[in-house]
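Please look over the sequence and the structure shown here before reading the report.

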Amino acid sequence: MPEGDTIWQTARRLHTALAGRTLTRADLRVPRFATADLTGRTLLDVTPRGKHLLARIDGGLTLHSHLRMDGAWRVYATGERPRGGPDHQIRAILGNAESTAYGYRLPVLELIRTAEESRVVGHLGPDLLGPDWDAEEAERRLGADPARSLGEALLDQRNLAGIGNVYKSELAFLAGVTPWLPVGELAPGVPARLVATARRLLEANKDRPDRRTTTTRRPGTPLHVYGRAGQPCLRCGAPIRKAELGDRITYWCPGCQYGPTGTTDPTHPADGRDGRDRSDSRPTD
């Protein structure tokens, strides 16, 4: 699933290609809006909100889309053949004289009144890449349910808008705790540092072609734990483990992260512990 920085980049590409120009082609290939005619209208802007995309069109309309797991927007020069997948996967086409955007496999696509955008994004927490970012409110929401696991709390877009599975695993590693640790058991100061780190990482990666959370320049090591099951931790050398947290795969280091663990993959049998003596340890960032 795309994370907030990826959505920000997608919004920027769409905005650069379409904003301020008259739509000469507009095709919404979903039954409810198939007859909507947007040609002749000006696309005003494309704004990201967490993982949502809001394309505002004159006349008080907004085209709302969400990519979820497999969706994508691709931009090509008008007249160029799109290459984002089979034609039957195209759910939306927005074009002008210079550029045309194709929305592939969009699970959420709806045309709403701009004045009613709060209906689709009003539930979201502070946007990590938004102009109205509020760190204190994000921290308050993150800790609102002390019994909830950190991983679940980070993924809940009502707490912080923009964190996905990659950042969930990476943030837990940087905090020195497993994603299964209840947020109420985080040491004082850790929630604030988590929120600040999340903001810093997304800000740093929104302008990068490849996401990076590590500072090492060793080839092939842009991330600490995500996608690295069985490989040695960049800090302690312990094999990175993976397990399910809800319906998502989660990665963590048994040598660097404190807290309960889930059922690991077959190559790393779970024992319900992280394998370290914790008699004098505290989670760090």
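## Basis of the report

This is a predicted model, in which local features need pLDDT of at least 70 and side-chain atom pairs count only at pLDDT 80 or more, while totals for chains, interfaces and linings use all residues. Residues are numbered from 1 along each chain as its sequence is written, and side-chain values use heavy atoms, with hydrogens and water left out.

Helices (H or I, at least four residues) and strands (E, at least two) are DSSP runs, numbered from the N terminus. A residue is called buried at under 20% relative accessible area, exposed at over 50% and partly exposed in between (1.4 Å probe, protein chains only).

## Aromatic pairs

Three aromatic pairs are found in a search of the whole structure. Rings of Phe, Tyr and Trp (its six-membered ring) pair if their centres lie within 6.5 Å; planes under 30 degrees apart count as stacked, over 60 as edge-to-face and the rest as tilted. One of the pairs is Y76 with Y102: the ring centres are 6.0 Å apart and the planes stand at 65°, so this pair is edge-to-face. Y76 belongs to strand β6 (residues 72–77) and Y102 to strand β8 (residues 99–104), so the pair links distant parts of the chain, 26 residues apart. Y76 is buried at 8% relative accessible area, and Y102 is buried at 7%.

Another pair is W180 with W252, whose ring centres are 4.9 Å apart with planes at 80°, so it is also edge-to-face. W180 sits in the loop between α5 (165–175) and α6 (190–205), while W252 sits in strand β11 (residues 248–252), so the pair ties together parts 72 residues apart in sequence. W180 is buried, with a relative accessible area of 14%; W252 is buried, with a value of 0%.

## Nonpolar cores

A nonpolar core is a set of buried Ala, Val, Leu, Ile, Met, Phe, Trp, Tyr and Cys residues joined through side-chain atoms within 4.5 Å. The largest one has 35 residues, and L150, L160, I163, L171, L186 and C253 touch the most other members. The elements α3 (135–142), α4 (150–155), α5 and α6 each give two or more residues to this core.

Contact means heavy atoms within 4.5 Å. Neighbours within four places in sequence aside, L186 is in contact with L150, V177, L181, P191 and L194. Another core lies apart from the largest one and has 27 residues, including I7, A11, L23 and L63.

## Helix α5

How many residues of α5 are buried? Eleven of its eleven residues are buried. They pack against α1 (4–18), α4, α6, β10 (241–245) and β11. Just after the helix, G176 takes a positive phi of about 75°.

K168 is found in this helix and counts as buried, at 0% relative accessibility. Leaving aside neighbours within four places in sequence, K168 is in contact with G151, L154, L155, I163, L245, R248, I249 and T250.

## Strand β2

Strand β2 (residues 25–28) has a covered face with A26 and L28, and an uncovered face with R25 and D27. Two strands pair if DSSP finds at least two bridges between them. Four bridges join β2 to strand β7 (residues 90–95), and the two strands run antiparallel. R25 stands opposite G95 in β7.

## Two loop residues with positive phi

R68, in the loop between β5 (61–66) and β6, has a phi near 50°, a positive value in a residue other than glycine. R68 is partly exposed, at 44% relative accessibility.

R105 lies in the loop between β8 and β9 (108–113). Its phi is positive, about 55°, although R105 is not a glycine. R105 is partly exposed, with a relative accessible area of 26%.

## Cavities

On a 1 Å grid over the protein atoms alone, a cavity is a set of points where a 1.4 Å probe fits but cannot get out; lining residues have an atom within 4 Å of a point. Grid points are joined across faces, edges and corners, and a volume is the space filled by probe spheres set on the points.

The whole structure holds two cavities of 30 Å³ or more. The largest cavity has a volume of about 60 Å³. Its lining consists of L14, L18, L43, V46, L53, A55, L63, S65, W73 and L94. At least two lining residues come from each of α1, β3 (42–49), β4 (52–57) and β5.

How values were computed
1 Å grid on protein atoms, 1.4 Å probe; cavity = no way out; pocket = protein on both sides within 12 Å on 5 of 7 lines; lining within 4 Å.
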